[in-house]
Amino acid sequence: MNILSIDNTSVAYYAVYSIRRKSMMQRTQVYFDTETLELLKEEAKEKKITLARVIREKVEKNIKKKTKKKQMNAAEFLSHIADLGKKLGVKGPKDLSQRIDEFAYNT
């Protein structure tokens with residue numbers, strides 16, 4: 001039986017089911033204080049989406065924000081390393097620029 005010949009609803013359901021299967025969600029339970037829960041419910045009602053979706057979106061946004069790393073260019077990275085050295089009190093040889101080959105290549 002060809003699913004495309006059934007009707008548009010079946011096709012849409014099959015497409016959504018296929019997409020969802022690739023990233024199956026796991027059920028969990030969370031507790032919110034009354035005020036927070038009411039705010040979440042209001043947002044869901046305003047956006048006309050489920051409460052679960054509002055919570056998922058907020059959690060995903062927060063996680064992505066925290067895990068997103070700022071990309072530094074070389075100058076920013078070297079500056080960051082220098083600042084870290086100052087903060088930790090690391091001191092290098094005073095004649096490093098004159099003897100760079102010796103330090104870099106152990107010559």
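Trainee: Why is the pairing of Arg53 with Glu57 called a salt bridge?

Mentor: Their closest N and O atoms are 3.0 Å apart. The term asks for a side-chain nitrogen of Lys or Arg within 4 Å of a carboxyl oxygen of Asp or Glu, so this pair qualifies. As background, side chains of opposite charge can pair when their charged atoms come close. One caution: this is a predicted model, where local features need pLDDT of at least 70 and side-chain atom pairs count only at pLDDT 80 or more, while totals for chains, interfaces and linings use all residues. Residues are numbered from 1 along each chain as its sequence is written, and side-chain values use heavy atoms, with hydrogens and water left out.

Trainee: Where do Arg53 and Glu57 lie?

Mentor: Both belong to helix α3, four residues apart, about one turn of the helix. Helices are DSSP runs (H or I, at least four residues), strands are E runs of at least two, and numbering starts at the N terminus. The protein chain has five helices and zero strands, in the order α-α-α-α-α.

Trainee: Are Arg53 and Glu57 buried, exposed or partly exposed?

Mentor: Buried means under 20% relative accessible area, exposed over 50%, and partly exposed in between (1.4 Å probe, protein chains only). Arg53 has 42%, so Arg53 is partly exposed, and Glu57 at 31% is partly exposed too. In the protein chain, buried residues make up 5% of the 107 residues.

Trainee: Which side chains meet Arg99 in salt bridges?

Mentor: Asp95 does, at 2.8 Å from N to O, and Glu102 does, at 2.6 Å. Arg99 is partly exposed at 31%, as are Asp95 at 22% and Glu102 at 34%. By this rule the count comes to five salt bridges, and Glu43, Lys47 and Lys58 are linked in a network of them.

Trainee: What makes Met72, Phe77, Leu78 and Ile81 a nonpolar patch?

Mentor: Patch members have over 30% relative accessible area and no salt bridge; nonpolar side chains (Val, Leu, Ile, Met, Phe, Trp, Tyr) are joined within 5 Å, like charges within 9 Å. Ile81, in helix α4 (residues 74-88), has 42% and is partly exposed, so Ile81 passes the area cut-off. Together the four have about 390 Å² of accessible area, an area that comes from the Shrake-Rupley method with a 1.4 Å probe; for residues, only the protein chains shown count as cover. The accessible surface of the protein chain comes to about 10,700 Å², of which 56% belongs to carbon and sulfur atoms.

Trainee: How do you know what counts as a pocket?

Mentor: On a 1 Å grid over the protein atoms alone, a pocket is an open set of points with protein on both sides within 12 Å along at least five of seven lines, whereas a cavity is a set where a 1.4 Å probe fits but cannot get out. The largest pocket has a volume of about 450 Å³. Of the 16 residues that line this pocket, the closest to its centre are Gln26, Thr28, Ala52, Ile55 and Arg56. A lining residue has an atom within 4 Å of a point, and a volume is the space filled by probe spheres set on the points, which are joined across faces, edges and corners.

Trainee: Which helix gives the largest share of that lining?

Mentor: Helix α3 (residues 51-67) does, with eight residues.
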